[in-house]
Amino acid sequence: MGGHLVRPFYGSVTNGTAWRFLQLIEQTVTIDLTDYLLPPVDLILGILVWMVSFAQ
């Protein structure tokens, strides 16, 4: 890695009721194939909060 920190990028896609999440590390994309449905909203919000807190 040349001594530099490689930070993952996190993202999500949604159609408004179903959500999917992904992670990009360098040139590797990992896609969570689980469809997270609304409601309940607490699981979706928990994942989004985790992604934001991990990025800091």
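Guide: Let us begin with how elements are named: helices (H or I, at least four residues) and strands (E, at least two) are DSSP runs, numbered from the N terminus. P40, for instance, lies in the loop between β4 and α1. Residues are numbered from 1 along each chain as its sequence is written, and side-chain values use heavy atoms, leaving out hydrogens and water. This is a predicted model, in which local features need pLDDT of at least 70 and side-chain atom pairs count only at pLDDT 80 or more, while totals for chains, interfaces and linings use all residues.

Visitor: What does the protein chain average in pLDDT?

Guide: pLDDT is the predictor's confidence in each residue, from 0 to 100. Where it is low, the predicted coordinates should not be read in detail. Here the protein chain averages 89, and 93% of the residues score at least 70. Confidence is highest in β3, at a mean of 96, and lowest in helix α1 (residues 41-55), at 87.

Visitor: Which way do β2 and β3 run, and how many bridges join them?

Guide: Two strands pair if DSSP finds at least two bridges between them. Strand β2 (residues 18-25) and β3 run antiparallel, joined by four bridges. I25 stands opposite T28 in β3. The two strands form a hairpin with two residues between them.

Visitor: What is the phi of E26?

Guide: Most residues other than glycine have a negative phi, and most peptide bonds are trans. E26 is not a glycine, yet its phi is positive, about 55°. This residue is found in the loop between β2 and β3.

Visitor: Is F21 buried or exposed?

Guide: Buried means under 20% relative accessible area, exposed over 50%, and partly exposed in between (1.4 Å probe, protein chains only). F21, in strand β2, counts as buried because its relative accessibility is 7%. Contact means heavy atoms within 4.5 Å. Leaving aside neighbours within four places in sequence, F21 is in contact with residues including G11, I31, Y36, I44 and M51. The C-alpha atoms of F21 and G11 are separated by 5.8 Å, although the two residues are ten apart along the chain.

Visitor: Which side chains meet in a salt bridge?

Guide: Side chains of opposite charge can pair when their charged atoms come close. A salt bridge is a side-chain nitrogen of Lys or Arg within 4 Å of a carboxyl oxygen of Asp or Glu. The structure holds one, where the side chains of D35 and R20 meet at 2.7 Å, N to O. The pair links distant parts of the chain, 15 residues apart: D35 is in the loop between β3 and β4, and R20 is in strand β2. D35 counts as partly exposed because its relative accessibility is 43%, and R20 counts as partly exposed at 29%.

Visitor: Which residues form a nonpolar patch on the surface?

Guide: Patches are made of residues with over 30% relative accessible area and no salt bridge; like charges are joined within 9 Å, and nonpolar side chains (Val, Leu, Ile, Met, Phe, Trp, Tyr) within 5 Å. Accessible areas come from the Shrake-Rupley method with a 1.4 Å probe, and for residues only the protein chains shown count as cover. V29, I31 and L33 form the patch, with about 300 Å² of accessible area together. L33, in the loop between β3 (28-31) and β4 (36-37), is exposed because its relative accessible area is 62%.
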